[in-house]
Amino acid sequence: MTENHDETAGMTEAELARHSEKMAKKKQAREKIMATKTDEKGLIVVHTGKGKGKSTAGFGMIFRHIAHKMPCAVVQFIKGAMVTGERELIETHFSDICQFYTLGEGFTWETQDRARDVTMAEKAWEKAKELIRDERNSMVLLDEINIALRYDYLDVNAVIDFLKTEKPYMTHVVLTGRNAKEELIEIADLATEMELLKHPFRSGIKAQQGVEF
């Protein structure tokens with residue numbers, strides 16, 4: 001038998017009346033707040049932190065754009081050497097609405113060639129700027145760019161200056177990866193830090209298809 005989680009179960013009529021009054025006041029207050037939120041703008045969104053879910057959150061927003069048939073684009077700064085489910089799905093079924101560029105060659109400890117990493121990061125950033133400047137793209141996801149910035153493969157000040165001065169007003173830009181620079185978080189409209197509580201890797205479980213990639 002399914003347990004009843006209804007918080008009103010077992011309440012007396014008087015308690016139900018008080019509950020309804022409380023919810024009505026909460027609804028009224030919420031609607032009053034929402035009525036003041038009328039502006040729209042392209043957001044700078046940062047997903048960072050040691051916890052999992054940064055790229056996943058970014059791709060969730062990309063798939064929302066795809067579902068609404070809103071043109072968008074993805075540039076992968078680090079994971080380009082890895083075949084992922086989201087890349088396969090977008091390139092196979094949604095390439096007409098979402099451009100996808102895998103310009104990284106793997107994590108820096110895999111390439112072990114800083115000069116090459118810098119070159120590839122700069123190439124990815126040039127493509128990113130091109131896509132962001134194109135006002136047909138409603139959103140551009142810069143996957144793992146924070147890692148490229150962390151290792152100074154790119155100049156964070158140049159990235160920030162571009163976002164502040166050249167990003168079209170209604171274009172959303174999402175930047176993912178650990179260790180986001182404080183300067184980047186400062187200019188973000190939305191910044192989320194994924195907190196690590198538990199991770200299967202620590203229990204000897206490897207990255208698995210459909211979960212990590």
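What share of the chain's contacts between residues at least 6 apart in sequence join residues at least 24 apart? I looked it up: 79% do, with contact meaning heavy atoms within 4.5 Å.

I note that this is a predicted model, where local features need pLDDT of at least 70, side-chain atom pairs count only at pLDDT 80 or more, and totals for chains, interfaces and linings use all residues. Residues are numbered from 1 along each chain as its sequence is written, and side-chain values use heavy atoms, with hydrogens and water left out.

**Fold.** I find eight helices and six strands. These are DSSP runs numbered from the N terminus (helices H or I, at least four residues; strands E, at least two). The order along the sequence reads α-β-α-β-α-β-α-α-β-α-α-β-α-β.

**Burial.** The chain has 213 residues, and 38% of them count as buried. Buried is under 20% relative accessible area, exposed over 50%, and partly exposed in between (1.4 Å probe, protein chains only).

**Thr-171.** I looked in the loop between helix 7 (156-165) and strand 5 (172-176), where Thr-171 lies. Its relative accessible area is 2%, so Thr-171 is buried. Leaving out residues up to four places away in sequence, Thr-171 touches Gly-42, Leu-43, Ile-132, Asn-137 and Ser-138.

**Arg-150.** I place Arg-150 in helix 6 (residues 145-150). Arg-150 is partly exposed because its relative accessible area is 41%.
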